[in-house]
Amino acid sequence: MEERGSPDGDPARNLEQGPEGSETPIQVVLRVRPMSTVELRRGEQSALHCSGTRTLQVSPDVAFRFGAVLDGARTQEDVFRACGVKRLGELALRGFSCTVFTFGQTGSGKTYTLTGPPPQGEGVPVPPSLAGIMQRTFTWLLDRVQHLDSPVTLRASYLEIYNEQVWDLLSLGSPRPLPVRWTKARGFYVEQLRVVEFGSLEALMELLQMGLSRRRSSSHTLNQASSRSHALLTLHISRPTSQQVPPVDLGEPPVGGKLCFVDLAGSEKVAATGSQGQLMLEANSINRSLLALGHCISLLLDPQRKQNHIPFRDSKLTKLLADSLGGRGVTLMVACVSPSAQCLPETLSTLRYASRAQRITTRPQGPKSPGVKPPQQVENELLRLQEENRHLRFQLDQMHTTAPGAHGARMAWAQRNLYGMLQEFMLENERLR
Ligand code: ADP
Ligand code: MG
């Protein structure tokens with residue numbers, strides 16, 4: 001039997017033990033959506049069978065194994081629980097950068113999984129039981145921060161990548177594409193993106209609605225309201241450190257965790273969706289960035305090439321996912337598939353992709369500020385600085401007693417510099433204390 005997927009153990013367990021610095025696999029959960037009314041009317045049978053909680057059977061001799069497999073009968077709440085998003089939220093509160101992304105063919109249920117179904121009409125609310133992973137995480141997070149000892153500042157940004165251009169879904173002015181930049185400290189980021197501070201669940205839900213209503217979607221044969229863009233909503237979480245120590249290097253980025261939700265536009269065969277004209281251009285852009293994503297995933301998996309260049313720069317999507325896939329983030333992928341036999345070739349491609357993705361590892365890294373360094377590390381640093389101070393004092397004493405007049409100017413310069421350095425060390429010692 002062909003069995004693919006994570007060979008052993010629950011990847012979630014690694015995170016519970018603390019992901020800091022250790023190789024952590026990308027977690028992959030598979031969701032099979034229920035048959036649609038159209039598919040049922042055609043008299044279709046499901047081509048997929050869930051055998052157990054972690055295995056998907058495609059045929060008697062082809063099966064795929066994931067962190068969790070959820071069939072069409074599973075509710076939105078089941079999915080939220082199986083994905084372990086609360087744990088990702090906890091990690092984000094501890095300063096880690098976490099990403100949840102959905103992946104799969106157009107019409108496979110990605111948007112439904114993340115944000116629930118669209119409202120059935122103007123002013124018709126979506127029942128809470130159908131809320132997606134995002135709303136459930138928001139509700140959990142806003143409740144969670146109320147029970148923390150220290151105050152938390154929450155901010156959100158929401159963007160879409162449409163035809164290889166980044167658009168701010170929360171912008172106040174007239175929309176225009178924004179540049180993606182890179183710095184050593186921040187990695188890839190979107191310049192001038194609006195990041196909005198919020199203090200309540202209602203305010204965050206409003207931001208989500210604003211973005212969802214602006215996001216580009218259109219109707220085609222496989223999906224009535226198909227997302228035509230990749231959308232990234234990021235929650236930025238900052239907490240003052242418990243020891244209130246100012247960072248030694250003021251050039252460091254602010255301490256803070258991130259929780260990012262990525263709703264990828266679906267991969268599609270242009271012929272199957274009947275895309276023409278503008279739709280075809282969109283489909284090609286979508287497919288190109290998904291291809292770039294697939295290429296990066298393949299290279300990340302190749303042990304020989306992992307150290308080498310990964311072409312994250314090939315698309316905006318891969319740039320913005322670089323940290324989630326190859327870097328220091330903690331990542332969860334929710335692969336979505338349709339049970340329809342008509343979609344089987346696309347479904348197999350999603351399953352292969354997802355199955356390979358769970359062999360990718362990242363090295364999650366928490367905040368770098370000295371305020372959250374373990375006490376042992378601070379102590380070691382203090383000892384080192386003390387030793388350095390002693391050494392510098394000794395050198396200064398030597399100079400006072402031995403400096404001959406002929407070298408006066410040079411020595412005065414050296415002394416000034418050494419005094420400067422000494423002062424810095426003393427200040428640093430003071431801060432560390
Ligand atoms: P995608 O984002 O992958 O293109 P959608 O999330 O838009 O797909 O889902 C396509 C259609 O299927 C939508 O009408 C959606 O409401 C429906 N759907 C998807 N998943 C489910 C589910 N688990 N239960 C009920 N309906 C679903
Ligand atoms: Mg969608």
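Tutor: Before we start, here is how the elements are named: helices are DSSP runs of H or I with at least four residues, strands are runs of E with at least two, and both are numbered from the N terminus. Keep in mind also that this is a predicted model.

Student: How many helices and strands does the secondary structure of the chain come to?

Tutor: The chain has 433 residues, of which 48% count as buried. Among its contacts with a separation of 6 or more, 72% join residues 24 or more positions apart. As for the secondary structure, the count is 13 helices and 19 strands.

Student: Which residues have the most contacts inside the largest nonpolar core?

Tutor: That core has 46 residues. Helix 9 (residues 277-301) gives the largest share of the core, 6 residues. The residues with the most contacts inside the core are L30, L293 and L351.

Student: How many residues are in the second, separate core?

Tutor: Four of the names to look for in this second core are A68, L142, L154 and L259. The core that includes them has 43 residues.

Student: Is V32 buried or exposed?

Tutor: Find V32 in strand 3 (residues 27-32). Setting aside residues up to four places away, V32 touches L48, L56, L70, D71, G72, V337 and P339. One of these, G72, is 40 residues from V32 in sequence, with their C-alpha atoms 5.4 Å apart. Because a relative accessible area under 20% counts as buried, the 5% of V32 makes it buried.

Student: What is the relative accessible area of T331?

Tutor: T331 sits in strand 18 (residues 330-337). Apart from neighbours within four places in sequence, T331 is in contact with I26, Q27, T99, F101 and S324. T331 is buried, and its relative accessible area is 3%.

Student: How far apart are the end C-alpha atoms of helix 6?

Tutor: Helix 6 covers residues 133-146, which is 14 residues. The expected span is 1.5 Å times one less than the number of residues. That gives 20 Å for helix 6, and the model agrees, with its end C-alpha atoms separated by 20 Å.

Student: Which residues of helix 6 are buried?

Tutor: Helix 6 is mostly covered, with 10 of its 14 residues buried. By name, the buried ones are I133, M134, Q135, R136, T137, F138, W140, L141, L142 and V145.

Student: With which residues is V145 in contact, leaving aside neighbours within four places in sequence?

Tutor: V145 belongs to helix 6 and counts as buried at 17% relative accessibility. The C-alpha atoms of V145 and L93 are separated by 8.7 Å, though these residues are 52 apart along the chain. Beyond its neighbours within four places, V145 is in contact with L93, V152 and L154.

Student: Which elements give two or more residues to the lining of the largest cavity?

Tutor: The structure holds 2 cavities of 30 Å³ or more, and the largest has a volume of about 50 Å³. Its lining is made of L114, T115, M134, Y158, L212, R215, A231, L232, L233, F261, V262 and D263, which divide into 9 nonpolar, 1 polar and 2 charged. The elements giving two or more of the lining residues are helix 5 (110-115), strand 16 (230-238) and strand 17 (257-263).

Student: What is the phi of E164?

Tutor: Most residues other than glycine have a negative phi. N163, in the loop between strand 9 (153-162) and strand 10 (165-168), has a positive phi of about 50° although it is not a glycine. E164 lies in the loop between strand 9 and strand 10 and is partly exposed, with a relative accessible area of 22%. The phi of E164 is positive too, near 65°.

Methods: Residues are numbered from 1 along each chain as its sequence is written. Chains are lettered from A and ligands numbered from 1 in the order in which they are written. This is a predicted model: local features need pLDDT of at least 70, side-chain atom pairs count only at pLDDT 80 or more; totals for chains, interfaces and linings use all residues. Side-chain values use heavy atoms; hydrogens and water are left out. On a 1 Å grid over the protein atoms alone, a cavity is a set of points where a 1.4 Å probe fits but cannot get out, and a pocket is an open set with protein on both sides within 12 Å along at least five of seven lines; lining residues have an atom within 4 Å of a point. Grid points are joined across faces, edges and corners, and a volume is the space filled by probe spheres set on the points. Ala, Val, Leu, Ile, Met, Phe, Trp, Tyr, Cys and Pro count as nonpolar, Asp, Glu, Lys and Arg as charged, and the others, Gly among them, as polar. A nonpolar core is a set of buried Ala, Val, Leu, Ile, Met, Phe, Trp, Tyr and Cys residues joined through side-chain atoms within 4.5 Å. Buried means under 20% relative accessible area, exposed over 50%, partly exposed in between (1.4 Å probe, protein chains only). Contact means heavy atoms within 4.5 Å.
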